[in-house]
Amino acid sequence: MSKREEYNLEFTKKVINGRIYHGCDRNLPPNELTYLCGFLEALHDIEIQALIGEIEAAENEEYYEEYPQSEGYEHYDIQIDIPNFLIGSAGTSQASIPLDDMRSLLIEWRDFKKS
């Protein structure tokens with residue numbers, strides 16, 4: 001079972017006026033994990049790679065950015081708080097995802113976007 005299946009995520013691809021749009025949906029009642037789809041959709045390819053690198057550094061006890069920031073996901077509050085990746089939006093509760101799960105989700109999202 002893939003991580004996206006574990007987290008009940010559906011990755012979609014639509015072509016509109018010749019442009020490809022990648023989407024992420026979660027067909028469950030809203031909760032903290034609802035932010036996960038919007039966050040993934042906001043990421044540029046370079047940001048996906050950077051976050052994978054930060055997570056791997058944290059897992060390997062190397063230097064990492066505890067509060068990674070980028071214009072692509074500036075509307076989300078994220079934190080690498082070993083052993084979890086925290087994601088939310090200002091003034092809301094944050095979803096807590098194990099670092100290894102988040103790394104796997106980012107890899108699955110990156111690979112989906114490339115397919």
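**Close-up 1. Helix 3 and helix 4 cross with a left-handed sense.** In this predicted model, the two axes come within 10 Å and cross at roughly 155 degrees. Anything over 145 degrees counts as roughly antiparallel, so that is what helix 3 is to helix 4. On the helix 3 side, the contact takes in Asp45, Ile48, Gln49, Leu51, Ile52, Ile55, Glu56, Ala58 and Glu59. Facing them from helix 4 are Leu99, Asp100, Met102, Arg103, Leu106, Ile107, Trp109, Arg110 and Lys113. Sorted by class, that's ten nonpolar, one polar and seven charged residues.

**Close-up 2. Helix 3 on its own, residues 45–59.** Its 15 residues reach 21 Å from first C-alpha to last, close to the 21 Å expected at 1.5 Å a residue. Look for the buried set: Glu47, Ile48, Leu51, Ile52, Ile55, Ala57 and Ala58. These buried residues pack against helix 2, strand 3 (77–81), strand 4 (84–88) and helix 4. After the helix comes Glu61, with a positive phi near 60 degrees.

**Close-up 3. Helix 2 (residues 34–42) meets helix 4 (residues 99–114).** Here the axes come within 11 Å and cross at roughly 50 degrees, which makes helix 2 oblique to helix 4. This crossing is right-handed. Helix 2 brings Leu36, Phe39, Leu40 and Glu41 to the contact, and helix 4 answers with Met102, Leu105, Leu106 and Trp109. By class, there are seven nonpolar residues, no polar ones and one charged.

Note on methods. Residues are numbered from 1 along each chain as its sequence is written. This is a predicted model: local features need pLDDT of at least 70, side-chain atom pairs count only at pLDDT 80 or more; totals for chains, interfaces and linings use all residues. Side-chain values use heavy atoms; hydrogens and water are left out. Axes are lines fitted to C-alpha atoms, for helices over the stretch in contact, and angles run from 0 to 180 degrees between N-to-C directions. Helices (H or I, at least four residues) and strands (E, at least two) are DSSP runs, numbered from the N terminus. Angles under 35 degrees count as roughly parallel, over 145 as roughly antiparallel, 65 to 115 as roughly perpendicular and the rest as oblique. A crossing is left-handed if the near helix is turned anticlockwise from the far one by less than a right angle, and right-handed if clockwise. Contact means heavy atoms within 4.5 Å. Ala, Val, Leu, Ile, Met, Phe, Trp, Tyr, Cys and Pro count as nonpolar, Asp, Glu, Lys and Arg as charged, and the others, Gly among them, as polar. The expected span of a helix is 1.5 Å times one less than its number of residues. Buried means under 20% relative accessible area, exposed over 50%, partly exposed in between (1.4 Å probe, protein chains only).
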